[in-house]
Amino acid sequence: VRRLDMAQWPLAVVGSAGGSIYLADLSLGISLVKAEGSHDAQGGDEEMLELMFGQYDGGGTIAVAVGGPNGRLAASCGREGGALAWKIGGGSSNNGGGARS
């Protein structure tokens, strides 16, 4: 786990050092969406990244958030400089229950 946001309980969005994003319903104990490799694990110029994030940064996802109207949006950004947003749908575990923008 690299980043975590639980502001819209029971939803939680997690970003990994490998650049993957996970959305879970903690009250039910289930994974809703798994978006593997959403962000580059080690994107960018290594010297500049060390200056910005330090020697021990794990890479991948640098921020995640869940919110929006009725808590139905998730967002993330990665070291490569990209930002992604998902509209959270009613899909089942790991099947793309959110629409990526």
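**Note on the predicted chain**

1. Residues 24 or more positions apart account for 36% of the contacts (heavy atoms within 4.5 Å) in the chain with a separation of 6 or more. The model is predicted, so local features need pLDDT of at least 70 and side-chain atom pairs count only at pLDDT 80 or more, while totals for chains, interfaces and linings use all residues. Residues are numbered from 1 along each chain as its sequence is written, and side-chain values use heavy atoms, with hydrogens and water left out.

2. Four strands form an open sheet in the order β1-β2-β3-β4 with antiparallel pairing, where two strands pair if DSSP finds at least two bridges between them. Because β1 (3-5) and β4 (30-35) stand at the edges with a single partner strand each, one side of each is left without a neighbour in the sheet.

3. Within this sheet, five bridges join β2 (residues 11-15) to the antiparallel β3 (residues 21-25), and G15 stands opposite I21 in β3.

4. The count of salt bridges (a side-chain nitrogen of Lys or Arg within 4 Å of a carboxyl oxygen of Asp or Glu) comes to one, formed by K34 with E36, whose closest N and O atoms are 3.4 Å apart.

Note on methods:
Helices (H or I, at least four residues) and strands (E, at least two) are DSSP runs, numbered from the N terminus.
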